[in-house]
Structure formats: structure tokens, C-alpha cells
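Subject: Structure for your attention

Dear colleague,

Please find the structure below, followed by a short account of what was found in it.

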Amino acid sequence: MTDWTKELNKVLGHAEAFAARHPRALTGSLVGLLSGFAVTAFGVAPLAPDAQDLPQTTIAEAVQTHDLATQLADLAEHEVALSRNDLTRASDTADSLLKRMGAFDPEFAAFLRSDATARRVLQGRTGKLVQINARPSGRVESLIARFPAEKPEQQATHFTRLRIERDAKGLRSVLETAPLQSQVRLASGTIRSSLWAATDDARIPDAIASQIAEMFSGDIDFHRELRKGDRFSVVYEGLTADGEPITWDGGAGKVLAGEFVNNGRSYSAVWFRDSVTGKGNFYTMDGQSKRRAFLASPLPFSRVTSGFSMRMHPILQTWRAHLGVDYGAPTGTAVQAVGDGVVESAGWQNGFGNVIHVRHANDRVTVYAHLSRIDVKKGQRVEQGQKIGAVGATGWATGPHLHFEFRVKGQHQDPRAIARASESLTLPGYAKGQFQQTAQAARTQIDVARSLGQGVSDAD
């Protein structure tokens with residue numbers, strides 16, 4: 001082995017030791033590159049002349065260094081730019097926003113007040129992402145504000161970018177609409193009291209918490225069956241605007257996969273979109289649809305205050321059968337249809353107050369009573385999960401809650417038992433190959449998410 005190959009092996013040894021201390025992706029790539037070079041080097045080394053036989057020349061050159069005073073003077077002449085990010089607040093003015101972000105520029109502040117486009121930085125909803133680039137003197141060179149897209153139909157996929165820049169002619173403003181980017185995030189948590197509290201502790205957006213409940217609603221009754229110590233792991237999309245995580249609407253997209261361990265039993269699911277029909281749904285890892293004909297509950301988060309059983313009526317004070325399930329929740333909490341159907345009636349009905357009846361297939365009807373608001377009309381077709389009204393205390397009610405009933409051929413049934421026994425949808429045969437690839441990738445991501453213990457991390 002020649003001296004130069006020995007030296008190369010020595011360098012590789014140092015690189016691998018560094019990689020062990022700093023296991024980052026870039027370091028791994030660098031070591032892989034060097035290792036590949038080493039294999040090539042050994043392959044061609046016997047064909048190369050011995051380095052000892054080659055002519056050697058020693059070159060000596062003096063390196064000129066500046067004295068400390070000169071270096072300090074050069075450093076003083078270098079102007080460092082200031083870049084800072086913040087969110088707009090309800091109390092912000094043009095001057096207070098610039099001051100909080102470390103800039104003092106009366107001309108720029110005046111432009112924020114006078115220019116019709118620039119004024120939008122401080123108009124409307126708060127929480128806009130603002131980035132300022134300024135000189136040490138406080139003179140602002142540019143400002144970029146990012147906030148939700150103006151058109152409601154674009155807000156899930158796009159954002160508004162407002163740029164204010166300084167050039168030779170002065171300040172100018174530009175308003176643009178740009179697509180949001182998605183970033184896969186992994187998270188896990190442990191139940192201490194409720195799913196909502198656990199997702200808050202794990203810094204998981206509320207929109208993702210709702211999707212977790214939806215994903216496992218056919219397996220777990222989140223009102224009655226959660227246990228302290230239950231665990232969950234989730235893979236979901238985090239949305240970014242120009243690489244910056246957005247703060248509006250939870251900053252989250254779709255749940256991609258998840259696992260929930262409830263009372264020692266594990267449930268898992270993956271989101272899969274049929275490329276032919278364009279429809280997406282949650283499936284088990286073996287391809288069974290998680291979606292049943294009926295959801296387990298018309299409220300994602302609440303508590304059962306009265307079940308399907310005999311009870312003392314709170315107003316009539318008589319012992320009688322309770323033919324539905326009562327869910328306690330604050331007034332205004334959204335109520336969702338538990339299954340696809342047609343609104344049979346929507347309006348006022350004696351003790352039920354504001355009530356909605358939805359007729360489903362196979363002569364089944366669901367009833368939603370004591371509503372504070374009705375958002376559908378008679379004859380309207382509704383889909384599973386669609387918001388149809390809001391919790392209230394109308395009619396014979398002692399406090400805000402939802403009274404929910406399930407009737408089969410006119411006979412009252414326990415809603416929770418019906419939801420568990422309802423039929424599930426199936427995965428089309430032509431989609432099974434693509435689904436298996438999606439499921440395998442989801443298993444790997446869930447394994448990584450599970451290892452986090454508690455909290456959120458980017459997938460990369």
C-alpha cells in the first residue's frame with residue numbers, strides 16, 4: 001500500500017469519527033462520497049506509478065497578514081444588514097411595528113401608511129408573517145408580509161405575499177399569490193386527561209387533533225374509552241410559505257398516517273387517495289377502510305352526560321327511558337352529520353327546541369336536538385362529517401348540550417352500538433398495489449414518530 005493511500009485511509013478514519021459524533025444527513029453523504037472515492041482509488045492504484053519515484057519540489061511562500069488595526073478598520077467599514085421576523089399584532093402601527101423589529105425609518109413608515117397596497121400589512125386579520133431587512137442605521141431595504149390568500153377557495157393551498165422594496169426610484173409595493181408548500185412532520189404524545197390536552201402538550205395543531213379523532217372514531221369512543229397512559233403517533237403535513245411555517249388556520253394540512261394505542265390495543269391508519277376517483281380516505285395497514293357508514297359521535301370532542309338507558313328526567317323528575325345520548329359541550333360547538341343522507345326536517349319541535357332529522361339509507365334516521373343554530377334546510381343532501389348546526393340549550397334543556405338519537409325503522413337504538421356495527425367501505429382492487437407502497441412508507445414514518453416520545457419533529 002502506497003503512502004498516499006495510507007494517508008487517504010487516515011483521512012477517512014477522521015471523517016468517520018466525525019460522522020459518529022455528528023450524525024447529520026450531510027455528514028453521512030460526505031463520508032459516503034469519500035468512501036466511494038477510496039474504493040475507486042484502490043481500484044486504480046496498482047496502475048499508477050509509485051509516488052516515491054516521482055520528482056518532488058518544495059515551494060515556500062510568505063503569507064502577508066495585515067496588522068490588527070488594519071483588520072479592525074476594514075471590519076468597521078463592512079456594513080452588516082439586519083434581518084428579523086415577527087407577527088403583526090392588533091395594536092400595531094407603522095411606527096411601532098418597525099420599532100419592534102429594530103428599524104427606524106420615518107420614510108418607510110410613511111409609505112406603510114400612505115400606499116394602498118402597503119397599508120394591507122396592518123389591515124385585516126393579525127398574525128401576518130413579516131420579515132424586514134434593514135441597515136444598521138435603521139433604514140429599511142425591504143419588507144415581506146405573508147398571510148392567507150384572499151380567495152376562500154385558495155386558502156388551503158395558497159398564500160398572499162406582499163413585498164415592499166427600495167430601489168433607485170424609491171419604495172414600491174407588489175402583491176402576489178403563491179402556492180403553499182407542505183412539509184411532513186412527525187409527532188407523538190401520551191394521554192393524561194384528554195386527547196385535546198395531550199395534543200396541546202405535544203404541540204400538535206388543533207386541526208390535526210380533530211383529524212386524529214376522525215381517523216380512529218370507528219375504533220375508539222373518545223368520550224368514554226380513553227385511558228390514562230394511552231399513546232398515539234401521527235404523521236401529518238405542515239404548511240409553509242416560502243419555507244416559513246405558517247401560523248394561521250393551525251398551519252397544518254392533512255394527517256397522512258397514525259397509530260393509537262388504547263387500553264393496550266393498537267390501531268393504525270394511513271390516508272390514501274384513489275388516483276382514479278380522486279377521493280381520499282383512511283385505511284388500516286391491510287387495506288380495510290376506516291370509514292364506516294356512521295361516525296361514532298356527532299361531536300369530535302365533548303363528554304357524554306347521559307347515555308342510552310333509564311334515568312331520572314332532569315325536568316319532569318320521573319324515572320323514564322332515555323332514548324338517545326346527551327353530549328355536553330359549550331354553546332356554539334359545531335355538530336356534524338354522522339352519515340350521508342337527506343335532511344328530513346329542520347326547525348322547532350316542542351321539547352327538542354331546534355332539531356334536525358337526517359334520513360339515511362336502509363330506513364335509518366338520526367336526530368340532533370337542542371341546537372342553538374341550524375345550518376341546513378329540509379331536502380338538502382348532507383355528507384358524513386358535514387357541519388349541520390351548533391350545540392345549544394333550546395327546548396327542554398337545563399344547559400347547553402346535544403341530544404342525539406338513532407332510529408332504525410322507527411325504533412330507537414343505541415347510537416354507539418349502531419356506529420360500531422355499521423358497514424365499512426372497501427378499497428378498489430385496482431388501487432391495492434399503489435396502496436401497499438403508501439402503507440409501507442407510512443409504517444416506517446410511524447416507527448420514527450413513535451420513537452420521539454413526546455413532541456413534534458420534521459421528517460427530514
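Which side chain of opposite charge is nearest to Lys128, and how far away is it? The model is predicted, so local features need pLDDT of at least 70 and side-chain atom pairs count only at pLDDT 80 or more, whereas totals for chains, interfaces and linings use all residues. Residues are numbered from 1 along each chain as its sequence is written, and side-chain values use heavy atoms, with hydrogens and water left out.

The nearest such side chain is Asp92, 9.3 Å away; Lys and Arg count as positive, Asp and Glu as negative, and His and the chain ends are not counted. A polar atom of the Lys128 side chain does lie 2.8 Å from the backbone oxygen of Arg125.

Lys128 sits in the loop between helix 5 (106–114) and strand 2 (129–134). Helices (H or I, at least four residues) and strands (E, at least two) are DSSP runs, numbered from the N terminus.

Strand 2 pairs with strand 3 in the antiparallel sense over six bridges; pairing requires that DSSP find at least two bridges between two strands. Ala134 has Val140 of strand 3 as its bridge partner. In strand 3 (residues 140–148), eight of the nine residues are buried. Strand 3 also pairs with strand 4 (residues 158–167), antiparallel over seven bridges, and Ser142 stands opposite Glu165 in strand 4.

Technical notes
Buried means under 20% relative accessible area, exposed over 50%, partly exposed in between (1.4 Å probe, protein chains only). A salt bridge is a side-chain nitrogen of Lys or Arg within 4 Å of a carboxyl oxygen of Asp or Glu. A polar contact is a pair of N or O atoms within 3.5 Å; within protein, one must be able to donate a hydrogen and the other to accept it, and residues adjacent in sequence count only if both atoms are side-chain atoms.
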